[in-house]
Structure formats: C-alpha cells, structure tokens
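Hi there,

Here is the structure I promised to pass on to you.

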Amino acid sequence: MKMQDRRPDDRPREKLVRYGTARLSDLELLMAIIGSGNKQADVGKIAREVLKIVRQKGGDISYDDLRGVVGLGEAKIPVILASLELARRYLLDSDQPIIDGPEKAVELLADIRDKKQEYFVCLTLDGANRLIAKRVVTIGTLMASLVHPREVFADAIADRAASIIVAHNHPSGGLEASQADKDVTNRLAEAGKLLGITLNDHIIVTKTDYKSLLHSE
C-alpha cells in the first residue's frame with residue numbers, strides 16, 4: 001500500500017507519535033526514518049529494499065550498499081546509517097564497557113600485568129569510546145621496528161574503530177618509558193592521523209601500577 005493510500009492515523013510517523021515505536025514493524029520504522037518517496041519509488045518500496053539489505057548484512061551496512069536502492073536520495077542515506085550506528089553503540093553493544101580514561105583501560109589489562117615477557121595489546125573503540133575488541137598484537141621485547149602500524153591498525157580498520165588504546169607491560173616493574181616506547185607511540189599516532197583512527201593512549205602497566213604516555217602530567 002502506498003503512503004497516500006493509508007489512513008492518516010495509519011502512517012508510520014503518525015503511529016509512532018500516537019503509540020510509540022514498539023507498535024511499528026521493522027518496515028514501518030524504516031519508513032518513518034526515510035519519510036517520503038519520490039517519482040522513482042514510493043517510500044514503502046524504498047523501505048522494503050533497505051530492510052532487505054539490513055537483514056542480509058545484519059545492520060553492518062555501508063554507504064555504497066544503499067546507493068543502489070532506487071528512489072533513496074543521497075540525503076537519506078546518511079540518516080539511515082547514523083540511525084543504525086547509534087542503535088549499535090547504545091543498544092546492541094550495551095554490555096561492552098566505555099573506555100573514557102586510562103583507569104578504565106587498565107581494568108582490562110589485568111591479564112598482562114604479571115607476564116614475564118612484554119605483551120603489546122590493542123583496544124579498539126567505537127565513536128562513543130565503547131570497547132569493540134581487545135587483542136594481543138605482539139609478544140616480546142617492544143621495539144618500534146617490531147610493532148608496525150600495519151599490525152596494530154589492521155583489526156581496527158576491520159572493526160571500523162574510531163580510536164584505539166594500546167598498552168604493554170613492563171616485567172621489570174619500572175614505569176619509565178623507554179625510547180622505544182616513545183617511538184612506537186609517535187609512529188602509531190602519526191599513522192592513526194592518516195587513517196582517521198585516533199590513538200587515545202599508550203599505557204604501560206606493571207604488577208602494581210600504570211603510566212599513561214599521552215596523559216601523564
């Protein structure tokens with residue numbers, strides 16, 4: 001049924017106002033987001049095509065995925081993508097912690113604090129600083145030549161991360177940053193600028209303490 005053929009009180013936006021979002025079907029929710037159709041396609045037809053893509057890709061869709069939908073204007077695509085991303089950040093991943101400071105990051109590093117070798121790990125974060133994943137990048141003596149930006153950012157790119165936090169342990173117990181620590185930090189910060197993925201911090205941990213290389217006084 002085309003939008004103009006629906007009773008005014010049965011149109012998605014009007015139903016949302018009257019009954020709330022829970023009463024709307026998936027299709028109607030998309031119709032409410034899209035708003036209206038055009039000469040190419042009615043809003044219902046556009047919404048059905050978008051819903052098909054969302055169901056196929058599980059919500060992990062890109063700008064290019066939607067460009068092929070007939071009747072979906074360039075202005076509507078960012079609205080749909082932004083709506084899905086907001087839902088992903090605050091609803092789908094609500095069990096993941098928000099890492100908005102070194103203290104929060106250190107809570108996730110307990111497993112490397114007493115290791116006998118140096119473990120270099122990377123935390124990938126979304127735009128709300130919510131944890132996406134934690135991964136070990138390298139094990140062994142930390143050197144700028146060994147911790148290459150390619151290895152650090154490969155998973156961050158795959159995660160569509162907005163930022164990362166890297167960390168490593170000092171088995172010796174000292175918190176003093178070596179020249180290698182500083183070199184790694186600088187290289188990752190510069191690479192992140194090129195990739196559009198911010199390096200939020202580089203943290204050194206020991207059994208009992210920690211130090212932030214980017215937020216130290």
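Glutamate 74 forms a salt bridge with arginine 67, with 3.8 Å between the closest N and O atoms. By salt bridge I mean a side-chain nitrogen of Lys or Arg within 4 Å of a carboxyl oxygen of Asp or Glu. Glutamate 74 is partly exposed, at 44% relative accessibility; the scale runs from buried (under 20% relative accessible area) through partly exposed (in between) to exposed (over 50%), using a 1.4 Å probe and protein chains only.

Before you read on, please note that this is a predicted model, where local features need pLDDT of at least 70 and side-chain atom pairs count only at pLDDT 80 or more, while totals for chains, interfaces and linings use all residues. Residues are numbered from 1 along each chain as its sequence is written, and side-chain values use heavy atoms, leaving out hydrogens and water.

The count comes to eleven salt bridges. One of them joins aspartate 26 to arginine 55, at 3.5 Å from N to O. This pair links distant parts of the chain, 29 residues apart: aspartate 26 lies in helix α2 (residues 26-34) and arginine 55 in helix α3 (residues 43-57). Helices here are DSSP runs of H or I with at least four residues, numbered from the N terminus. Aspartate 26 is partly exposed at 44%, and arginine 55 is exposed at 59%.

Lysine 104 and aspartate 100 also meet through their side chains, at 3.4 Å from N to O. Here lysine 104 is partly exposed at 34%, whereas aspartate 100 is exposed at 54%. Elsewhere, salt bridges with shared partners join Arg135, Asp155 and Asp159 into one network.

Happy exploring!

Note on methods. Helix = DSSP H or I, 4+ residues; strand = E, 2+ residues; numbered from the N terminus.
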